[in-house]
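Have a go at each one before reading its solution.

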Amino acid sequence: MKLSELKTGDWILLNDNGVEREGTVLRVSNEDNKVCVDNGIQEFWYELEYIKPLPLNEEQLLNLGFEKLDVGNGVKYGKGAFRVHVPSETDFSKVEVWYREDRRFFDHPMYVHQLQNIHLDMTKVQLEA
């Protein structure tokens, strides 16, 4: 994971003194190579070595406010006009996202912060729960 990939509001996994927690990025310091994260208990600055990407799955999409939609091939999730399509509810090996006429295909698993950044790029709105 690169520091340049992280933006305010991104969800990540962090190692907090040996305990793995989900957290939300509050600020990024390129000078110190650290990330300020709300770990659910407190705000704290973490070095990049303690931060991992949070894998995208159905649970995370539902936590972000997506609704599961019925389709014939694969599973589609929607939030407003933004859509995410995957092969199945347990297979996120390929991801298709679209917003209006902008469609993007990814032939690899995606992480939550990547989807949040793609959503921001496509819609100009931060993807939050």
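The exercises below go through ring contacts and strand pairing in this predicted model.

**Exercise 1.** Work out how the rings of Phe 44 and Tyr 46 are arranged.

*Solution.* Start with the whole structure: a search turns up three aromatic pairs. Phe 44 and Tyr 46 make a pair with ring centres 5.2 Å apart. Next, look at the planes, which meet at 70°. Planes over 60 degrees apart count as edge-to-face, so that's what this pair is.

**Exercise 2.** Decide whether Phe 44 and Tyr 46 are buried, partly exposed or exposed.

*Solution.* Take Phe 44: its relative accessible area is 42%. That value falls between the 20% and 50% cut-offs, so Phe 44 is partly exposed. Now Tyr 46, at 4% relative accessibility. Buried means under 20%, so Tyr 46 counts as buried.

**Exercise 3.** Find the ring that the charged end of Arg 103 sits over.

*Solution.* Go to Trp 98: the charged end of Arg 103 lies over its ring, 4.3 Å from the centre.

**Exercise 4.** Trace how strand S7 pairs with S6 and with S8.

*Solution.* Begin with S6 (residues 67–69), which pairs antiparallel with S7 (residues 75–79) over three bridges. Here Glu 67 faces Gly 78 of S7. Five residues separate the two strands of this hairpin, and Gly 74 in the turn has a positive phi of about 90°.

Then move on to S8 (residues 82–86), joined to S7 by five bridges, again in the antiparallel sense. Tyr 77 is opposite Val 84 in S8. This hairpin has two residues between its strands, and Gly 80 has a positive phi near 65°.

Key
Residues numbered from 1 in each chain as written. Predicted model: local features only at pLDDT ≥ 70, side-chain atom pairs only at ≥ 80, totals over all residues. Heavy atoms only, no water. Phe/Tyr/Trp six-rings, centres within 6.5 Å; stacked < 30°, edge-to-face > 60°. Buried < 20%, exposed > 50% of the residue type's maximum accessible area, 1.4 Å probe, protein only. Lys NZ or Arg CZ within 6 Å of the ring centre and 35° of its normal. Pairing = 2+ DSSP bridges. Helix = DSSP H or I, 4+ residues; strand = E, 2+ residues; numbered from the N terminus.
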